[in-house]
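Please read these notes with the model open beside you. They go point by point.

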Amino acid sequence: MKLHEHQSKEIFARYGIPTPKGKVAYDAESAREIAKEIGKPVVVKAQVLVGGRGKAGGVKLAKTPDETEQHAENILGMTIKGLPVRKVLIDPAVPNKAEIYLGIVVDRAQGAPVMMASSAGGMEIEEVARVSPEKIKRETIDPVLGLQAYQARALGYRIGLDKKLVPEFAKIAMALARVFADTDASLVEINPLFITAEDSLVAADGKLVLDDSALDRHHDLEMLRDPDEEQDAEREARRAGLSFVKLDGNIGCMVNGAGLAMATMDVIKFYGGEPANFLDIGGGAKADKVAAALRLILADTNVKAVLLNIFGGITRGDEVARGIVEALNQVKTDVPMVARIVGTNAEEGRKILANANMQTASSLEEGARMAVEIAKGSN
Ligand code: GDP
Ligand code: MN
């Protein structure tokens, strides 16, 4: 789950990271009022959950309340990378000399978070990472001990900060590492961290991506969720309690179990097909849940065949089969379906599905091959 810039910066501020004290406006007139209150030049910033707002024209400097209103009006009418701008942040503008990048991500290869910093921060950081990766300095964070003060200071020196600024930089880096750990984040970022005209540091932008699997421990943060963040299909899946990821292929997959779902996708690919989604319907076989899953799969018009791969365990194969048949009564479709059921009461399950005119396969290989053939034939 992503947080908006203003939400991220509010959290940063609680940890002692200096941020401009701005306010959010939902219409141009309030933007103007906020600018009047601030009483000096401001930046008007689109609050949408994508990067690259600056380049898209979603970040504008305004010298007067009039100009603020004008920019807010324009920005509130924009759609950035498909997301409508519904609110703007009005921050006091900060005169700056330089832009630093500071962020933490989970490095799966190392199995640890890594802090990254660069003196070439700002809007071109992706380009910097591509053409001169040596300008990005890294420190691995020990997952148990956390970022150490010496590491934070070392990073400051390694990116060539003036000695005077290193203690302040280290304080911010330590605070950011605490934000990352405390919120169970998968990414936290300040880009840019300004070196101001007065030689202090200010977080001009903020980004925080939380680990969805940890949100149960952070109900306060979960409340900040912006429904615009998710695509319709993903939102529906979350509400139905399904893990669903849309992909670009044409074979829909309905599987009980995440590992089995991955294996199913692999086998489809092995036989030359392309999965249209990852879907784990989880345990249980309630018809409503299966129907929700089926609706999600079929909402994708690329889908030419559906492969159901069911492992009957505690939830028996015949129960799942009955759920599927009931779901098919709820969701009418002509898209061909192939089912493979193994495990507890698999035979009964297969019979139920065969009676419902569904093709059944006796192995995953066979099922995948059948689905791939159907999908290819329909092109
Ligand atoms: P992003 O493009 O979505 O990452 O949005 P940012 O918040 O990073 O803003 C983009 C750029 O706008 C920054 O890299 C800065 O150059 C500039 N900017 C943002 N806030 C201020 C500010 O308060 N003062 C000045 N001078 N520039 C700013
Ligand atoms: Mn930025």
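1. Start with helix H1 (residues 5–14). H1 lies across S2, strand S3 (42–46) and S7. H1 runs at about 45 degrees to S7. Helices (H or I, at least four residues) and strands (E, at least two) are DSSP runs, numbered from the N terminus. Axes are lines fitted to C-alpha atoms, for helices over the stretch in contact, and angles run from 0 to 180 degrees between N-to-C directions. Helix H3 (residues 65–76) also packs on the sheet, where H3 touches S3, S4 and S7. The direction of H3 makes about 165 degrees with that of S4. Contact means heavy atoms within 4.5 Å.

2. A word on the basis. This is a predicted model, in which local features need pLDDT of at least 70 and side-chain atom pairs count only at pLDDT 80 or more, while totals for chains, interfaces and linings use all residues. Residues are numbered from 1 along each chain as its sequence is written, chains are lettered from A and ligands numbered from 1 in the order in which they are written, and side-chain values use heavy atoms, with hydrogens and water left out.

3. Now the sheet. Four strands form an open sheet in the order S2-S7-S3-S4, with antiparallel pairing. Strand S2 (23–25) and strand S4 (59–62) are at the edges; each has a single partner strand, so one side of each is left without a neighbour in the sheet. From one strand to the next, the twist averages 25 degrees. Two strands pair if DSSP finds at least two bridges between them. S2 and strand S7 (residues 88–92) are joined in the antiparallel sense over three bridges. Val24 has Leu89 as its bridge partner in S7.

4. How is the protein divided into domains? The assignment gives domain 1 (21–92), domain 2 (96–222) and domain 3 (231–373). Such bounds come from an automatic or database domain assignment. Between domain 1 and domain 2, the C-alpha centres lie 25 Å apart. Four residues of domain 1 contact four residues of domain 2. About 340 Å² is buried between these two domains, and carbon and sulfur atoms give 38% of that area. Lys45, Arg53 and Lys55 supply 76% of what domain 1 buries against domain 2, more than any other three residues. Buried area is the accessible area (1.4 Å probe) that two parts lose on being put together, summed over both.

5. Check the metal site. Which protein atoms hold the manganese ion (ligand 2) as donors? They are Asn191 (O) and Asp205 (OD), lying 2.2 Å from the ion. Donors are N, O and S atoms within 2.8 Å of the metal (3.2 Å for Na, K and Ca); water is not among the atoms, so sites may look incomplete. Asn191 sits in strand S11 (residues 185–196), and Asp205 in the loop between strand S12 (201–203) and strand S13 (207–210), 14 residues apart. Asn191 is buried at 11% relative accessibility. Asp205 is buried too, at 16%. Buried means under 20% relative accessible area, exposed over 50%, partly exposed in between (1.4 Å probe, protein chains only).

6. Pro192 is placed in strand S11.

7. Ala98 lies in strand S8 (residues 96–107). Ala98 is partly exposed, at 25% relative accessibility. Leaving out residues up to four places away in sequence, Ala98 touches Leu193, Phe194 and Ile195.

8. Is strand S17 (residues 305–312) mostly covered or uncovered? Mostly covered: seven of its eight residues are buried. Five bridges join strand S15 (residues 251–255) to S17, and the two run parallel. Gly252 stands opposite Val306 in S17. S17 also pairs with strand S18 (residues 337–343) in the parallel sense, over seven bridges. There, Ile310 stands opposite Ile341.

9. Last, two backbone angles. Lys81 is not glycine, yet its phi is positive, near 45 degrees. Lys81 is in the loop between strand S5 (79–80) and strand S6 (83–84), and is exposed at 61%. Asn357 has a positive phi near 65 degrees, again in a residue other than glycine. Asn357 is in the loop between helix H12 (346–355) and strand S19 (359–361), and is exposed at 72%.
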